[in-house]
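Subject: Structure for your review

Dear colleague,

Please find the structure below for your review.

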Amino acid sequence: MCAGCGAELTIPLSQVSLPVHARQQYGNGAQLPVLMESGTFAVDPDPWGGPWRLWDEIDPGEAEARGIYAPAHALSDGTPGASVIAPGDIRGTRLIPEKRGGACCGLDGADGPNMACEACDLPVATRVDDCSLWQMVRLGSDVVHRVPVDGIHAAPLSWAELAEKGEKTPPFEPIATWGGRLGPDHYWSWSPQWEAAAGQALAHLLIASQGQPVKVPDGLTADVFQRALDALLPAGTLKRRAVLAGPGQPSPDAGVDILLIPVHPQTGRTWTPADLTAPAYLVPLPLGVWLWLVSPEPNLPVPASGRIAQDVLRDDPLPLLPNHLFRADRGTFQHTLVRLPAVRSPRLRAILENLTQSTSAGLF
């Protein structure tokens, strides 16, 4: 509800965890879909949007008090705690035309709140729907109030229910683009959600490595992580081993150093093993990505070797594949790493400082 006049501004919403890719900027001219499912909202604990301050203008003590332990280009001085919703779930508001920002194909929120309460004209929200950005509406925590609604709210799904009924996130998808001569077009690529999830997990894997090489499971998990780990970590014969663990999976053995585990999509809590005999570093993955890694769909669009038998029905052409090796999302990787206290180590600070070189090598 509007803090100025009490007008209702959304439909009834249920709280879920903020998606990892909420701050992702993907590609150039890409037409990304809506971030949040209709009927849900998530709270962003970090400030977002202007005004901004460059890193040189910020005292290190202030940065650490905000949970940032390594240099970042700039920090937002916006109000934290925004409620993030799907654009179709907003009610009782109007756009503020002069606050369109530096938009290319839509609104980017660069000029601050661009939606006002229809009843009292208080700026209450920021709509984001520009190219290469996930579409969302962000309701400011200082100008709206969350009010409980009547009715019985369902309890969060159990881990067993999520393992059985959770929705998987495919690793490949068509990416729509704006501005073609013949109108919107698309290309086949790695999923932006996978690239953001890998950016977050890679930051944790570098800390879990303790400066040693890390070996992840073969297959798709290796396609996502192993190339970056081999490039960013020193070579050696003694390797720390990472495995996928979670609900419905066999208990990890005692020799495992790192566990790749799912995050509950409603509560944001990570799955924790109950019978782990030795301490292991827990690396979070979004549930949809984790589910695909532990149980991939059988008919991925990956070419097989050999010739097709004459009695096999053909289905041509095969779906297109990404034209490049997997790359983790650089922005998500950096946003995660600078907020982990272990980044103070010289080894991890050096990786942050060399991000440009890593990007040119095709890791991000």
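Which residue stands opposite arginine 138 in strand 10? It is threonine 126. Before the details, two remarks on conventions are needed. This is a predicted model, in which local features need pLDDT of at least 70 and side-chain atom pairs count only at pLDDT 80 or more, while totals for chains, interfaces and linings use all residues. Residues are numbered from 1 along each chain as its sequence is written, and side-chain values use heavy atoms, with hydrogens and water left out.

Strand 10 and its partners

Helices (H or I, at least four residues) and strands (E, at least two) are DSSP runs, numbered from the N terminus. Two strands are said to pair if DSSP finds at least two bridges between them. Strand 10 (residues 136-139) pairs in the antiparallel sense with strand 9 (residues 123-128) over four bridges, and with strand 6 (residues 82-85), also in the antiparallel sense, over three bridges. Arginine 138 is the bridge partner of valine 84. Both faces of strand 10 are covered: Met136 and Arg138 on one side, and Val137 and Leu139 on the other, are all buried. Buried here means under 20% relative accessible area, exposed over 50%, and partly exposed in between (1.4 Å probe, protein chains only).

Proline 123 is in strand 9 and is partly exposed, with a relative accessible area of 37%. Not counting residues up to four places away in sequence, proline 123 touches Ile96, Pro113, Met115, Ala116 and Val143; contact means heavy atoms within 4.5 Å. From C-alpha to C-alpha, proline 123 is 39 Å from tryptophan 290, and the two are 167 residues apart in sequence.

A nonpolar core is a set of buried Ala, Val, Leu, Ile, Met, Phe, Trp, Tyr and Cys residues joined through side-chain atoms within 4.5 Å. The largest one has 56 residues, of which Phe225, Leu229 and Phe333 touch the most other members. Elements giving two or more residues to this core include helix 3, strand 15 (258-263) and helix 6. Helix 3 gives the most, with 10 residues. Leaving aside neighbours within four places in sequence, phenylalanine 333 is in contact with Gly199, Leu202, Ala203, Leu206, Ile351, Leu355 and Phe364.

Threonine 336 is found in helix 6 and, at 11% relative accessibility, counts as buried. Beyond four places in sequence, threonine 336 touches Gln200, Ala203 and His204.

In helix 7 (residues 346-353), Leu348, Ile351 and Leu352 are buried. These three lie on the same side of helix 7 because they cover an arc of only 100 degrees around the axis, the arc being that of the directions from the helix axis to the C-beta atoms. The face turned away from this buried side carries the exposed residues Pro346 and Glu353. The buried residues of helix 7 pack against helix 3 (192-208), helix 4 (220-232), helix 6 (330-337) and helix 8 (355-360).

Cysteines and backbone

With a disulfide defined as a pair of cysteine sulfur atoms within 2.5 Å, the count comes to zero. For cysteine 117, the nearest cysteine sulfur is that of cysteine 5, 3.7 Å away. For cysteine 131, the nearest is that of cysteine 105, 3.8 Å away.

Most residues other than glycine have a negative phi, and most peptide bonds are trans. Serine 132 has a positive phi of about 70 degrees and counts as buried at 3% relative accessibility. Glutamine 210 has a phi near 55 degrees and counts as exposed at 56% relative accessibility.

Yours sincerely
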